[in-house]
Amino acid sequence: MKHRILVTGSAGRLGRAAVAALVANGHHVIGIDLRPTPGLPPGQSLVATLADVAVLRAAAKGVDCIIHLAATPDDARYPRGEAPDDGDNFLDGLVPNNIVGLYNLLEIARTSKVPRVVLASTGQVIDRHLDSGNVPVNASTRIAPRYLYACTKVFLEAVGQVYAREHGIEILAVRLGWCPRDAGQVAQIAASVEDQDVYLSPGDAGRFFAATVEAEKVPGFHVVYATSKPVNKVLYDLRETTHLIGFEPHDTWPTGASEG
Ligand SMILES: NC(=O)c1ccc[n+]([C@@H]2O[C@H](COP(=O)([O-])OP(=O)(O)OC[C@H]3O[C@@H](n4cnc5c(N)ncnc54)[C@H](O)[C@@H]3O)[C@@H](O)[C@H]2O)c1
């Protein structure tokens, strides 16, 4: 079955991967980003911010699923410093985009009766378990966020749970592995076996997001993980992801790492 999908952050690293896979599978994709989205015709590539509520509302009309990726990421400065000199811009970046923008998006999903929303969380919400060797992590693992960016994703998971329960929207919060955005990040992963074990290739990311759309029913709220196949050790338990939406990774680091 072909679906009508709205992807926010569609011009970004994961957005491009999601759009490519969804278009390849024959779905009708509308992208919203601060810049035009590669791979979409101009009429389906909206240039807007998460604050442009009227644009978001019009774009969400009649969609089967929203894949919400637009956010301020954690690498305004990279490599990051140690807390509190981490480089996260809480007041001017994380709050307007990751908190207020997320709220705008979920309110539009609620009022437009969008049946399913996929929210981009991060493995950084359980980061401290990796440091202490308490692995593999799964959906029941106690929250142990890395720093302020990760705290906005803890909010994302909490508010997703509330919108699923109170408004009957199917919500998947995905703790994403690491899909590198540039050569610097590729080099960081190359230097760390642990990072290679949570690597997410663009190809697997695309297949994962297509599976979130194509899965028949995912009632309620779910936390799932998405990575490629580990090189060394299973750090993120993907069994719930496979059970719920049928996704299984194909790739292993470094397949796809240098893709544009
Ligand atoms: N890439 C990873 O390894 C990774 C890991 C964990 C979680 N995530 C999450 O996945 C999502 C996508 O990450 P990415 O790596 O593709 O990031 P990215 O920075 O490459 O893409 C994000 C896109 O969102 C857009 N955007 C940002 N703020 C916006 C706003 N207010 N309105 C409209 N568009 C806006 C940007 O222009 C950008 O194109 C983010 O929510 C991120 O926190 C990514």
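User: In which loop is Lys113 found?

Analyst: The model is a predicted one. Lys113 is not a glycine, although its phi is positive at about 55°. As for its place in the chain, Lys113 is found in the loop between α3 and β5.

User: In what order do the seven strands form the open sheet?

Analyst: The pairing in this open sheet is parallel. The twist averages 20° from one strand to the next. Read across the sheet, the order is β3-β2-β1-β4-β5-β6-β7.

User: Which strands stand at the edges, and why is one side of each left without a neighbour in the sheet?

Analyst: In general, strands of a sheet pair through backbone hydrogen bonds, in a parallel or an antiparallel manner. In the order β3-β2-β1-β4-β5-β6-β7, each edge strand has a single partner strand, so one of its sides lacks a neighbour in the sheet. The strands concerned are β3 (45-47) and β7 (221-226).

User: How many bridges join β5 to β6?

Analyst: Strand β5 covers residues 116-122 and strand β6 covers residues 170-176, and the two run parallel. Within this pairing, Val117 stands opposite Ile171 in β6. The bridges that join β5 to β6 number seven.

User: At about what angle to β2 does helix α2 run?

Analyst: Helix α2 comprises residues 53-60 and lies across β1 (4-8), β2 (28-33), β3 and β4 (65-68). With directions taken from N to C, the angle of α2 to β2 is about 170°.

User: Which helix gives the most to the lining of the largest cavity?

Analyst: The structure holds one cavity of 30 Å³ or more, and the largest cavity has a volume of about 50 Å³. Its lining residues include His68, Asn97, Asn98, Leu102, Lys153 and Leu156. Both α3 (90-111) and α5 (148-167) supply at least two residues of that lining. The helix that gives the most, with three residues, is α3.

User: By class, how many residues in the lining of the largest cavity are nonpolar?

Analyst: Ala70, Ala71 and Ala120 are among the residues that line the largest cavity. By class, this lining has three polar residues and one charged residue. The nonpolar residues number five.

User: How many charged residues are in the lining of the second largest pocket?

Analyst: About 280 Å³ of space lies in the second largest pocket. Its lining includes Asp64, Arg116, Glu170, Glu214, Glu216 and Lys217, along with Met1 and His3. By class, the lining has five nonpolar residues and one polar residue. The charged residues number six.

User: Which side chain meets that of Asp131 in a salt bridge?

Analyst: Side chains of opposite charge can pair when their charged atoms come close. With a cut-off of 4 Å from nitrogen to oxygen, the count comes to ten salt bridges. In the one that involves Asp131, the N to O distance is 2.5 Å.

Key:
Residues numbered from 1 in each chain as written. Predicted model: local features only at pLDDT ≥ 70, side-chain atom pairs only at ≥ 80, totals over all residues. Heavy atoms only, no water. 1 Å grid on protein atoms, 1.4 Å probe; cavity = no way out; pocket = protein on both sides within 12 Å on 5 of 7 lines; lining within 4 Å. Points joined across faces, edges and corners; volume = space filled by probe spheres on them. Nonpolar A, V, L, I, M, F, W, Y, C, P; charged D, E, K, R; others polar. Pairing = 2+ DSSP bridges. Helix = DSSP H or I, 4+ residues; strand = E, 2+ residues; numbered from the N terminus. Axes fitted to C-alpha atoms, helices over the stretch in contact; angles between N-to-C directions. Contact = heavy atoms within 4.5 Å.
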